[in-house]
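Okay, thanks everyone for coming.

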Amino acid sequence: MSGSAFNLRSFLHGLPGVDKVGVEARAAALGTRSVKTTAKAAAIDLAIRMVDLTTLEGADTPGKVRALSAKALRPDPADPTCPSVAALCVYPAMVPVAAEVLAGSGVHLASVATAFPSGQAPLEVKLADTRDAVAGGADEIDMVISRGAFLSGRYDFVYDEIVAVKEACGSAHLKVILETGELGTYDNVRRASWLAMLAGADFIKTSTGKVPVAATLPVTLVMLEAVRDFRAQTGRQVGVKPAGGIRTTKDAIKYLVLINETVGDDWLDPDWFRFGASSLLNDLLMQRTKLTTGHYAGPDYFTLD
Amino acid sequence: MSFLEYAPAPESRSVVDIAPSYGLFIDGAFVPASSSGGVFKTVNPASEEVLAEVASAGAEDVDLAVAAARRAFGPWSALPGAERAKYLFRIARIIQERSRELAVLESLDNGKPIRESRDVDVPLVAAHFFYYAGWADKLKYAGFGPDPRPLGVAAQVIPWNFPLLMLAWKVAPALAAGNTVVLKPAETTPLSALFFADICQQAELPPGVVNIITGAGETGRALVEHPGVDKVAFTGSTEVGRQIARSVAGTRKRLTLELGGKAANIVFDDAPIDQAVEGIVNGIFFNQGHVCCAGSRLLVQESAYDEVLTALKRRMATLRVGDPLDKNTDVGAINSAAQLARIRELSEVGATEGAERWSPPCELPAQGFWFAPTIFTGVTQAHRIAREEIFGPVLSVLTFRTPDEAIEKANNTPYGLSAGIWSDKGSLILAMADKLRAGVVWANTFNKFDPTSPFGGYKESGYGREGGRHGLEAYLA
C-alpha cells in the first residue's frame, strides 16, 4: 500500500461513525415539519429552481430532448412568473441537441458521463466520455464512482479517477454520484462523500436512479453533514444533489427542511442544492397552481415534457 | 417571505372541548367536592389563560373514593383475566381514536409541544394499555408464583410532566393485575386524567374500578395516608417521596417510588458525533427538560470536547421555542410559575458559582412561562447545578479523560435513575453499562420508552419498577 493510499484510508476510517438508528430517527423527525401557506409557496418556487430535469433513457431521441429542453426553460407555459429549472440532465449523445435550445438561457446543461450508470469501463473511456460531453456544450458533468473499487477498499483508485475526470471537465462543474444504494452503510456514505470532496467534486450526488434504492432523507442528511464539516475544515463549499425517487412536492419540501435545519441557508440555493428528478416537476407545478388559484388543475393542464 | 421561517402551523384547538368546571370522578360518576374540599384553577402555561375550574378533594372525598374502590375490588379481581383484558383493550382503542383530542389537551394543560404529545405521549399511553391488557390473563406465567393475587386498592399519585403517560404507567398494570385504583393527578395538570375518566365511562368500565380525585399536596397526603389503601405508587420529587415513605412505614401498605434524577449522558470521543448531539438535545430539551430521567449532566471526553460543544451549540440554535400547539415547535412552555422560579434560581446559582452560561438567541413569548434552552460549561462536580435536579431545559457540561473517570463521575450522585453512553465501540458500552448505578442505561440513544421495558431507579431515585413484566410485581402478592 502506498503512503498516500494509507493516509487516505486512515483519514476516511477516522471520520466519526454514523449511527443508523439515530440518523434515520432525525430524518424522520424533520420530515414531520409542517410547511404551509407563504412558506410553502417560497419552498415550491425554490424547489422548481433546484430541479435538474432529467431524461436518461435508451429511448431518448432528439425530439424528446428538444421538448424537455423547452420545458426546462418554461415549466409552466400558462404562468410566466414560474421560474426555470436549474438544469437539464441528459446522456452525452443528446448534449448537442439540448445545447442548441438552452444556449444563453441561464439553464445549465448537465450530462452524465464516465460509463453511466455502472462506471464499469476503463478510465480512458470514461475520460473520453467526459470530454465529449463538455465539447458538446455540457457545463455540468455527473460522473459515477467505481463502487466496486470503493467497496474493496481501493480508495486511492477512486480518488485518482475523480481527479482525472475533474481535469477532463475543464471549467464544467463536476457532480460525483456515490450510488449510495450500493454502498450499504451510512459510514460508507460519509466516507465516499469525503473522498469525492477531497478529490475535487463540486457536488456530491446520491444516485444514478438506475438501482432499486435511490435518494433517501437519511442518506442526504449524512451527505449534508459531510459538506458542512468539509467546509468548516477546508473553507470550500460543495453542493449536494439527491436524485431518484423524489416525486412529490411533499418529499421535496422535506429535503428543503433538512437543508434548513442542518446546514442552513447557505445551501438553500440552486448553486448548492439540486433535485435530480423528472416527475417531481409536474407535482411542484400542480401544487404551485393550487396555491395561486386555490384549486387543483388536472394533470392534462401540465405538459408531459 | 423566506422559506427559513416556517409560517405558523397551529394544531386546531377545536378538537377538544374543555368544560368550564370539573368535579371528582368517584364510583363511575363525576361528583362535586364535599364541604371538606374546594376548587382550584388550571391554566395554560403558554398563555396563563384559565382552562377550567377543578374540584379539590378533601378528606371526605378521599374516603368516598377509597370506599368506592374497595367495593369494586371484589368483583373486579374476581373477573377472569381475559375479561379484564377486554376492558383494557377497549380503553387502549378509545385512546387511539381520541388521540388528537388528547394530544391537544395535554399540550394545552402542560405546555409541551404538540409534536411530542402527538408523536410520543399519546401513542405510548395507548401502547401501555395494549401491553398490559395482554398480561391480564397470563399472570400465572409471569414468574410471581402459580397464583398471584392482586393487592387491593392502589393509591396512585402522579406528576405534571407526563400527565397522561404517568397515569397509563400506573393504571394499566394495576387494573391488569386485578387491583382497583384511586389516582390523583398533579395540581397543575389535572385535565387529561379527567378526560381519561370520561374514557373509562365510554369503555363501560365497572364503577369504582378507577377513581380520579384532583387536588394539591394535601389531597395526595390524605390519599396515601388513608387506612383503606393497600398499595401506594408515587412518581414525583425525592422530597415528597421521602415524606410518603415515612408515612407508610409500619403500615401494611406496599410502596413503589419513582423519584428524581440527575442522569449522566456520557459521550466518548469515538461516538457518532452528529447523532450524539441529537441525543444530548433530546436528553435535556425533550419536554422542556421536565423529565425525571433527563440527561442533565453531559460528560464529554476531553479529546472530543471542542467538536461536541461546537456541534451542540450549532444544533441548539435551530431549536424552535414557542407556541406548544404549533406543529413546528420543539420546546414548549415551562409548566408553572413555581417551576420557572426554581429553574431561574438554580441557573442564577450556576452563574454565581462560576460556570459559564450560554443560550442560543431566541425570542420568548411575552405571556406565559418560558425559559430558553441553556447550557452551562466549565461545571464541576462541586457545583450545585451538577448535583441538584433542575427539572428544566438546563444542561451542565462536565468533562472526563478515561472510562473509569466517567463512571466515577456518573455514579457520584445521590440519584440513579438513568444514564446514556455514546460510543461506536460495543465492548466499551457493555463494560460501562455494567458499572453505571442507574436503573435505565441507554446506549447511543436517550429518552426512549417502551411499555415492555422496565423503568425505575437506584438510590434516591426510588424503588420498584414500572413497565414490562417487572411492572406487574408492584401490583401482585
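Let's start where the chains meet: 20 residues of chain B are in contact with 25 residues of chain A. By contact I mean that the C-beta atoms of two residues, placed from the backbone, lie within 7 Å. Which helix gives the most to the side of chain B that touches chain A? That's helix α9 of chain B, residues 273–285, with 5 residues. By class, that side of chain B divides into 8 nonpolar, 7 polar and 5 charged residues. For those classes, Ala, Val, Leu, Ile, Met, Phe, Trp, Tyr, Cys and Pro count as nonpolar, Asp, Glu, Lys and Arg as charged, and the others, Gly among them, as polar.

Some housekeeping. This is a predicted model, where local features need pLDDT of at least 70 and side-chain atom pairs count only at pLDDT 80 or more, while totals for chains, interfaces and linings use all residues. Residues are numbered from 1 along each chain as its sequence is written, and chains are lettered from A and ligands numbered from 1 in the order in which they are written.

Buried or exposed? B:Ala276 counts as buried, because it has 31 C-beta neighbours inside 10 Å. The cut-offs: buried is 20 or more other C-beta atoms within 10 Å of a residue's own, exposed is 12 or fewer, and partly exposed is in between, with C-beta atoms placed from the backbone. Leaving aside neighbours within four places in sequence, B:Ala276 is in contact with B:Val267, B:Ala271, B:Val308 and B:Trp422. As for B:Ile91, that residue is 185 residues from B:Ala276 in sequence and 37 Å away in space, C-alpha to C-alpha.

Now zoom out to chain B as a whole. Its secondary structure comes to 14 helices and 18 strands; these are DSSP runs, helices being H or I with at least four residues and strands E with at least two, numbered from the N terminus. The C-alpha atoms fill a box of roughly 65 × 55 × 35 Å along the principal axes. With 477 residues, a compact globule would have a radius of gyration near 23 Å, and chain B has 22 Å, which agrees. That radius is taken over C-alpha atoms, and the globule rule is 2.2 Å times the number of residues to the power 0.38. Of those 477 residues, 58% count as buried. And of the contacts in chain B with a separation of 6 or more, 72% come from residues 24 or more positions apart.

Chain B is divided into domain 1, which is 13–259 + 460–473, and domain 2, which is 264–450; those bounds come from an automatic or database domain assignment. Their C-alpha centres lie 29 Å apart. Between them, 21 residues of domain 1 are in contact with 26 residues of domain 2. On the domain 1 side, α4 of chain B gives the most, with 4 residues. That side has 7 nonpolar, 7 polar and 7 charged residues.

On to the sheets. In chain B, 7 strands form an open sheet with mixed pairing, in the order β13-β14-β15-β12-β11-β16-β17. Two strands pair if DSSP finds at least two bridges between them. Why do β13 (356–358) and β17 (440–443) of chain B each have one side without a neighbour in the sheet? Because they stand at the edges, each with a single partner strand. For β17 of chain B, 4 bridges join it to strand β16, residues 418–422, and the two run parallel. There, B:Gly420 stands opposite B:Trp442.

Elsewhere in chain B, strand β5, residues 49–56, is joined to β1, residues 21–22, by 2 bridges, running parallel. In that pairing, B:Tyr22 has B:Val54 as its bridge partner. Strand β4 of chain B, residues 38–44, is joined to β5 by 7 bridges, this time antiparallel, and B:Lys41 stands opposite B:Glu53. The hairpin of β4 and β5 in chain B has 4 residues between the strands, and B:Glu48 takes a positive phi near 65°.

Last stop, chain A. A:Val112 lies in strand β3 of chain A, residues 108–112, and counts as buried, with 28 C-beta neighbours inside 10 Å. A:Val112 and A:Cys89 are 23 residues apart in sequence and 7.2 Å apart in space, C-alpha to C-alpha.
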